Amino acid sequence: MPEPLTFPPAFLWGAATSAYQIEGAVREDGRTPSIWDTFCRTPGKVNGGDTGDIAVDHYHRYRDDVALMADLGLTAYRFSVSWPRVQPTGRGPAVQRGLDFYRRLVDELLAHGIKPAVTLYHWDLPQELEDAGGWPERETAYRFAEYAAIVGEALGDRVEQWITLNEPWCSAFLGYGSGVHAPGRTDPAAALRAAHHLNLAHGLSTTALRGVMPARNSVAVSLNSSVVRTVSDAPEDLDAKRRIDNLANGIFHGPMLHGAYPETLFADTARVTDWSFVQQGDLGAIHQPLDALGLNYYTPTLVSGAENAPAGARADGHGESNHSPWPAADDVAFHQTPGDRTEMGWTIDPTGLHELIMRYSREAPGLALYITENGAAYDDKPDPDGRVHDPERIAYLHGHLSAVRQSITDGADVRGYYLWSLMDNFEWAYGYEKRFGAVYVDYATLARTPKSSARWYGEVARTGAVPSAETGGE
Ligand code: FCB
C-alpha cells in the first residue's frame with residue numbers, strides 16, 4: 001500500500017469559479033451587460049447559443065453552495081467579482097446592491113471557516129468599456145484601477161487574498177486575436193495593445209488596492225503560463241519555442257515580475273506593431289511588488305517550426321478559429337501532445353505542472369505560489385441511482401496533486417491549490433457542454449450532486465493528504 005502524500009498543515013485546499021460562469025442574474029440589482037453577454041448573443045460564437053443568463057444561479061443559491069463546500073471540507077474558495085455588477089458601465093460610483101452580494105458571500109464563507117480569494121477580473125469587461133475601445137485602449141487600465149479600489153475598499157477588511165487579473169493571455173489573445181472569446185475581435189495589433197494595457201491594469205490596480213486595504217492582505221495575479229515544449233532540438237523548433245514562450249509567458253511575467261518585456265518580443269512582432277503604445281513610466285507602474293503568484297495549469301503546449309509540422313497542424317487547444325491567437329507566429333506549428341486527453345482534448349500531463357511550478361520558483365523567488373486553477377472536463381452522467389462517478393477526474397487530480405507535492409519537496413513554496421471547478425458551469429465558447437465541476441449540476445433543475453471526485457477531494461482537504469487514486473471518494 002503506497003503511503004499517502006502529506007501536505008504542509010497550513011496548505012489551502014480550495015475550489016475556483018468565476019462570476020459569469022456561475023452567477024446568472026445578469027439583469028438584477030443594477031448589473032449591466034458585459035462583453036460576454038454580448039458575445040453569447042452573437043450567432044455562432046457560443047456552442048448551442050448558450051448564455052450566462054442563468055448559469056448555475058449561484059447569485060441566488062450562494063448560501064447552499066457555501067454550505068456544500070463546507071460539507072465537503074474545503075478550506076478556501078476563489079471567486080471573481082463581476083465588474084458590471086458593482087460598477088455598471090465601468091465608470092462612476094459603485095452600486096451597493098452589487099457589492100452587497102459579495103459582502104454576503106464573503107461573510108458566509110468566513111462563517112464556515114472558508115478563506116476567500118477574490119479575483120477582480122475574470123473576463124467580464126463592461127460592454128460600455130468595450131464600446132469605448134476595450135483593452136486595446138489605455139483608458140481601460142485606468143478604469144480598472146478605479147474599479148479595483150471600489151472592491152478593495154468594500155471587501156479589504158475581510159478578504160486577505162486578492163488576484164488582479166485571471167489569465168490575461170486569454171483576455172488579450174483569445175479576445176482580440178483569435179476571437180474565440182469575447183469581444184471576438186481578430187486583430188493581432190489590437191491583441192498586443194490589449195496585453196500591454198492588461199499589464200498596466202494589473203500594476204495600477206495593485207497600487208490602488210494597496211492604497212485602500214490593510215497591509216496584511218496579499219496581492220497576486222493568476223497567469224495561465226504555458227509549459228512550451230518542442231518536437232525536437234532542431235534550431236527552428238527551439239526558435240519556435242522561444243517565440244511562443246515570449247508570447248505566452250514573458251509578455252506578462254516580464255513586465256510584472258521583472259519590469260521589462262523580453263527583448264526579442266519586439267523584433268518578433270515588429271511586422272504587427274511598433275509598440276509605440278508603451279509609454280514612459282509604464283513598466284515602472286506595472287512592476288509592483290507582489291505577495292504571491294497564481295498559476296493556472298491544464299496541459300502543456302507542443303510546438304515546432306512550420307517546416308516540421310504536418311499540413312494544417314494548429315492544435316493549440318483554444319477553440320476553432322481561422323485566426324491564430326499568436327501574433328506574428330504563423331510559421332510556428334502547434335501539435336497534439338501524445339497521451340490520454342480530457343473531454344477538452346487537452347493531454348493529461350502532470351509533469352507540466354511540476355515544470356511550471358519549478359520555473360516560477362526560479363522566476364519569482366520569494367513569492368508564495370498558489371495553483372489557482374487545475375482540473376479536467378469529462379462527460380459525466382448520473383447513474384440510474386443518481387450518483388455521479390468520475391474516476392478519471394480523481395486520477396487527474398491525483399496525478400496533479402502528486403506533482404504539486406513533488407514541487408514542494410523540491411523546494412517550491414506552494415501554499416494552496418484551487419480545483420477548477422467547484423461545480424459544472426458555463427465553459428465560455430463551449431457553453432454548458434463541458435463539465436469541469438467536482439459537483440454535478442443538472443441544468444434542468446439546477447440541483448447539485450457531488451461527484452465521487454468531490455468526496456475524494458474533500459477527504460484530501462480534511463486530512464491534508466492525498467490518498468491513493470483508487471479510493472474512489474466513496
Ligand atoms: C481557464 C479559465 C476558466 C475555465 C478553465 C477551464 O482558462 O480561467 O474560467 O474556463 O480554463
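Let's start with a charged pair: Arg158 and Asp107 join their side chains in a salt bridge, at 2.9 Å from N to O. This pair ties together distant parts of the chain, 51 residues apart. Please keep in mind that the model is predicted.

**The Arg158–Asp107 pair**
- Arg158 lies in the loop between helix 7 (139–155) and strand 5 (161–166), while Asp107 belongs to helix 5 (residues 96–111).
- Arg158 is partly exposed because its relative accessibility is 23%, above the 20% limit for buried residues.
- Asp107 is partly exposed too, with a relative accessible area of 38%.

**Other salt bridges**
- Arg85 and Glu23 meet through their side chains at 2.8 Å, N to O.
- Arg85 sits in helix 4 (residues 83–86) and Glu23 in the loop between helix 1 (19–22) and helix 2 (35–40), so this pair also links distant parts of the chain, 62 residues apart.
- Both Arg85 and Glu23 are buried.
- Arg387 pairs with Asp385, with 3.6 Å between the closest N and O atoms.
- Arg387 is partly exposed at 45% relative accessible area, whereas Asp385 counts as exposed at 52%.
- A network of salt bridges links Asp380, Asp390, Arg393, Asp424, Arg435 and Lys451.

**The nonpolar core**
- The largest nonpolar core has 151 residues, and Trp36, Trp135, Leu293, Val404 and Tyr417 touch the most other members.
- Leaving aside residues up to four places away in sequence, the contacts of Trp36 include Tyr20, Trp123, His181, Phe426 and Trp428.

Notes:
Residues are numbered from 1 along each chain as its sequence is written. This is a predicted model: local features need pLDDT of at least 70, side-chain atom pairs count only at pLDDT 80 or more; totals for chains, interfaces and linings use all residues. Side-chain values use heavy atoms; hydrogens and water are left out. A nonpolar core is a set of buried Ala, Val, Leu, Ile, Met, Phe, Trp, Tyr and Cys residues joined through side-chain atoms within 4.5 Å. Buried means under 20% relative accessible area, exposed over 50%, partly exposed in between (1.4 Å probe, protein chains only). Contact means heavy atoms within 4.5 Å. A salt bridge is a side-chain nitrogen of Lys or Arg within 4 Å of a carboxyl oxygen of Asp or Glu. Helices (H or I, at least four residues) and strands (E, at least two) are DSSP runs, numbered from the N terminus.
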